[in-house]
Amino acid sequence: MATRLTSVDTVHAEGSWLFTATDDRGETVEVTLVPCGDGVEAWVNRCTHEDQRLDRGEGIGAVLRDGGIVCPKHGSVFDACDGGCENGPAAGSTLLSVQVSVNRGDVFLTDDDYEFDHQGGRDDDEGPSSTSHLRF
C-alpha cells in the first residue's frame, strides 16, 4: 500500500524533503525528495563516493544548483532527475533511487523495498555525548 509523504508543492517550496524508511533488510535509510521538473524524485540520502549525507535536514536540506544535488563534502553534483553524476570524485556513478508516485499533487512512497518510518532524518546520535555529573 502506498504511503502519502508530502505534497509536490512542499518539496518545491522547501527545495528538498527528508524522510526515514526501513529497507527490506530491516535497516533504516534516509531518503530525500527533490524537485524534478514539475514533479519530484526520491534518492537514498548518501553520496556514492563516500558515506556523506546529501540532505542535511534540520532546515538546511539538500544544496541544489542548476538542477543538481551538490555533495557538501567534495562538490560532486548529481542530476536531480536521473541521479547521475558527471563531475568530481563521484563521476560516473548514480544515486540509489526510491520509487515514488504523484497523484493530484501528493507524493506517495510506492517502492516495495521501503516502508515509511517518519519525516526527517534518522535519530542516530553520531556526535559526542556526556554522562558527566559535573556542574560549572
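**Contacts, fold and pockets**

Of the contacts in the protein chain between residues at least 6 apart in sequence, 48% join residues at least 24 apart, a contact being heavy atoms within 4.5 Å. This is a predicted model, where local features need pLDDT of at least 70, side-chain atom pairs count only at pLDDT 80 or more, and totals for chains, interfaces and linings use all residues. Residues are numbered from 1 along each chain as its sequence is written, and side-chain values use heavy atoms, with hydrogens and water left out.

The protein chain has 1 helix and 10 strands, taken as DSSP runs (helices H or I, at least four residues; strands E, at least two) numbered from the N terminus. Along the sequence the pattern is β-α-β-β-β-β-β-β-β-β-β. Of the 136 residues, 41% are buried, meaning under 20% relative accessible area with a 1.4 Å probe, protein chains only.

Now the pockets. On a 1 Å grid over the protein atoms alone, a pocket is an open set of points where a 1.4 Å probe fits, with protein on both sides within 12 Å along at least five of seven lines; lining residues have an atom within 4 Å of a point. Volume is the space filled by probe spheres set on the points.

The largest pocket has about 340 Å³. Its lining has 20 residues, and Leu 18, Asp 55, Arg 56, Gly 57 and Glu 58 are the closest to its centre.

The second largest pocket holds about 270 Å³. Among its 15 lining residues, Asp 23, Arg 25, Thr 28, Val 29 and Val 44 lie nearest the centre. Strand S3 (residues 28–36) gives the largest share of that lining, 3 residues.

Technical notes: Buried means under 20% relative accessible area, exposed over 50%, partly exposed in between (1.4 Å probe, protein chains only).
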